[in-house]
Amino acid sequence: MSNAPPELIVIGAGGHAKVLIDTLRLMSLNVTGLTDNDSRQLGYDHVLGVPVLGGDSELSGLAPDMVLLVNGIGGIRADKLRKSVFEHFKAKGFRFINVIHPSAVVSVECSLGEGVQIMAGALIQPGCKVGDDTIINTGAALDHDCILGCHVHLAPGATLSGFVSVDDCAHIGTGANVIQQVKIGAGSTVAAGATVINDVPAGVTVAGVPAGVIGQGDI
Ligand code: JB3
């Protein structure tokens, strides 16, 4: 077995990947490269000095135990894509690391899954559980005892009060607020700036203050 340090590769080379590279550097971790399935159309071949290696096929020759991955697919409505990337590489035996910005405040009394990303200035209070591959984006806040599923995206500045639950693949938009004990169903979208005071069923979009259902699926 080699003693070489594992390669650290970010999947996707867009805006979310850029913020992740910066955060990883603040964690004293250097990214080896990025993959992007549209690498030829990007118009650039480096992100913050890190080379875009090509598409995901670049990973096929690498032993999974010698590579650590970071899911760089953010996307306001890319949760399904993000999930499929995570599950694809997990099935091949790869591991995703947790990315936690040094300025984030994360209670020791909470549990984090695999591949969780907690960006600058985010806040997680005690009793919270955060599922695999979920993003707590810049300045977002989870108050006590919130339960987040997998592949959830809490966009910048979103705030959840105590005992809120958010099921898999839901998206809570920028600056949205959710009052205590509300349940947000799987795959639902809370529009930016909404204030949610009632439970949200799975697969719908809610918007407004107070938030009401405005449609199914995407906004
Ligand atoms: O709002 C904030 C703070 N950030 C946003 C983030 C959460 O979502 C950001 O402003 C963007 O709206 C979005 O960032 P993201 O996901 O980096 O989007 P974009 O800039 O479009 O970059 C995604 C990249 O992933 C594109 O270059 C795609 O070609 C690439 N991609 C898509 N599918 C893929 C795949 N790359 C690989 N390696 N594999 C794929 O399956």
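**Note on the predicted model**

1. Pro 210 is located in the loop that runs between strand E24 (204–207) and strand E25 (212–216). The model under review is a predicted one. Within it, the peptide bond leading from Val 209 to Pro 210 is cis, and its omega is near -5°. A student may wish to compare this with the general rule that most peptide bonds are trans.

2. Leu 48 is not a glycine, yet its phi is positive, at about 50°. Most residues other than glycine have a negative phi.

3. Where does the ligand sit? It sits in the largest pocket. Two elements each give two or more residues to the shell around the ligand, namely helix H1 (15–26) and helix H2 (79–91).

4. Why does the ligand lie between domain 1 (7–97) and domain 2 (100–209)? Both domains contribute residues to the shell around the ligand, and therefore the ligand lies between them.

5. The shell can also be described by its residues. There are 20 residues around the ligand, and those that come nearest are His 16, Asp 36, Asp 56, Gly 74 and Gly 75. Sorted by class, the shell comprises six nonpolar, eleven polar and three charged residues.

6. Several atom pairs may be inspected directly in the model. For Asp 36, a polar side-chain atom lies 2.6 Å from an oxygen atom of the ligand. For Gly 74, the atom concerned is a backbone N or O atom, which lies 2.7 Å from an oxygen atom of the ligand. Gly 15 likewise places a backbone N or O atom 3.1 Å from an oxygen atom of the ligand. As for the cover of the ligand, its accessible area on its own is 820 Å², and the protein covers 67% of that area.

Methods:
Residues are numbered from 1 along each chain as its sequence is written. This is a predicted model: local features need pLDDT of at least 70, side-chain atom pairs count only at pLDDT 80 or more; totals for chains, interfaces and linings use all residues. Side-chain values use heavy atoms; hydrogens and water are left out. A residue is near a molecule or strand if one of its heavy atoms lies within 4 Å of it. A polar contact is a pair of N or O atoms within 3.5 Å; within protein, one must be able to donate a hydrogen and the other to accept it, and residues adjacent in sequence count only if both atoms are side-chain atoms. Accessible areas come from the Shrake-Rupley method with a 1.4 Å probe; for residues, only the protein chains shown count as cover. On a 1 Å grid over the protein atoms alone, a cavity is a set of points where a 1.4 Å probe fits but cannot get out, and a pocket is an open set with protein on both sides within 12 Å along at least five of seven lines; lining residues have an atom within 4 Å of a point. A molecule sits in a cavity or pocket if more than half of its atoms lie within 2 Å of its grid points. Helices (H or I, at least four residues) and strands (E, at least two) are DSSP runs, numbered from the N terminus. Ala, Val, Leu, Ile, Met, Phe, Trp, Tyr, Cys and Pro count as nonpolar, Asp, Glu, Lys and Arg as charged, and the others, Gly among them, as polar. Domain bounds come from an automatic or database domain assignment.
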